[in-house]
Amino acid sequence: MSSRSGLEKSELDVPGPNTIRELPRAQGSGDQAQPLLPEESRSRGEAYAELRQRVEGGWEPRRFEAPRAELGRFDPERAGLAQVSLDAAADYVAQNRDARPWLTMADAASPEARRIIAGADVGGGHGHIRHEGWVTEDANMRRVAHLEDPAQLDVVKRNLGIDGLRENDQHHRCRSTATRITDPDAFATAFARGVEHPKVREVLDMPFDPTIRPKVVTVPIADLLGIHGHRYCSGWQLEPADGSMNTARTNRDAWLVARAEGRKPHSLEPKARPVPTFEGGVIAFLFERNHAENRYGIATMFPRPAERQAAGDQSRIRS
Amino acid sequence: MASFYWERHPDGPFATLIAVATTYLDPENYDLDSLKRLAEREDVEEMRVFKLELREALRDPSQLPADELSESVEYTDGSDEAFLSRLWHDLYGDEPLDAT
């Protein structure tokens, strides 16, 4: 969160890739990005993943009723973000949408939510880039299975598992789940309420130590988005290998290395499946150090399911 | 559980080890270099506890709370023992495990 005056200056501290607005489909397994029907804008992969998410994850796209007055009162400085007017946020999205395609999600947001999303984008956090509605079900599925970073806008690099936000072409890392808040108003509401939650507040108000990073904090989804808030979350989880998620993660790395080196992998291709439910889940807040302002900020936030229960398994996943 | 081990058991065994490892090595926010710098600071009480717990866990990984380290850090080393061994080497180099 390093550019609080960025909107006025039209400057960004984070990389701004010059690329297209819709995620192109990476090469490799799966179908090519061809529309299903003339009126169908999704690729086959996107349609497939969304159908699985609806059937196996029980998720349906729905609009979140934005608490616009509450979002309008949100003070971005409480999160170390730039003060942004509604008009400035709209201008920012319009001017940067091609280079920063995740901003297109703000099109469907209320003006108050758009202000928060624009502020977060200027601030440099990545929650809205990897864990919001811009990321399709297909993209999240491929992130979990093949470590393809949705934030990587270079198709070749994404297919090679190169991170889109870290410098020097580092390999992308991903937990065994990849999740998102599927509605931009719900995302902005979770962010704004999270910033004011006592557990998060305690971290953001801590005395700054440039060497120390605050611990991860979780807040129940229901506390931030209401008792039905879990309906605005979706995600994919790596399929266990031999009943073990630990083995699955190790196999995923080995499979991807073998593929990159042109060798025949010794393990099966990693697979992902929808998270069955987010009911009872939490939003995890991860923090970063803002050395320029000697304070802590929110690096990212994402939904975390209550129980890592694999659909069809008789018992909880063992690591 | 959706919350992390150290949130549920702030005074539980190895809570500091699991919390610090997750904070710096979570795949969503991975930063081993920062953890290395922090490990050099002898004035941080938490890191003194971290080192003690890391040493204790390496001596007997079976004492770790079941699955908690793996589910929090989501390492790809294959086992708690392999992860902890790598972590010790990354942070403390060739320093013997039995040193006081």
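Which residues of α4(B) are buried? I'll start there, and please keep in mind that this is a predicted model.

The helix itself first. α4 of chain B covers residues 45-59, 15 residues in total. From first C-alpha to last it reaches 22 Å, close to the 21 Å expected at 1.5 Å a residue. Its buried residues are M47(B), F50(B), E53(B), L54(B) and A57(B). They sit on the same side of α4(B), because they cover an arc of only 120° around the axis. What covers them includes three helices of chain B: α2 (15-25), α3 (32-39) and α6 (80-92). On the face turned away from that buried side, α4(B) carries the exposed residues E45(B), L52(B) and R59(B).

Next, the contact between the chains. Here 25 residues of chain B are in contact with 26 residues of chain A. On the chain B side, α1 (5-8), α2, α3 and α5 (68-73) each supply at least two residues. α2(B) gives the most, with four. By class, this side of chain B has nine nonpolar, eight polar and eight charged residues.

Last, a sheet in chain A. It is an open sheet of three strands in the order β2-β5-β6, with antiparallel pairing. β2 (217-220) and β6 (295-304) are the edge strands, each pairing on one side only. The twist from one strand to the next averages 30°. Between β5 (residues 282-290) and β6(A), there are nine bridges, and the two run antiparallel. If you want a place to look, R289(A) stands opposite Y296(A) in β6(A).

Conventions: Residues numbered from 1 in each chain as written. Chains lettered and ligands numbered in written order. Predicted model: local features only at pLDDT ≥ 70, side-chain atom pairs only at ≥ 80, totals over all residues. Expected span 1.5 Å × (residues − 1). Buried ≥ 20, exposed ≤ 12 C-beta atoms within 10 Å, placed from the backbone. Arc of directions from axis to C-beta. Contact = placed C-beta atoms within 7 Å. Nonpolar A, V, L, I, M, F, W, Y, C, P; charged D, E, K, R; others polar. Pairing = 2+ DSSP bridges. Axes fitted to C-alpha atoms, helices over the stretch in contact; angles between N-to-C directions.
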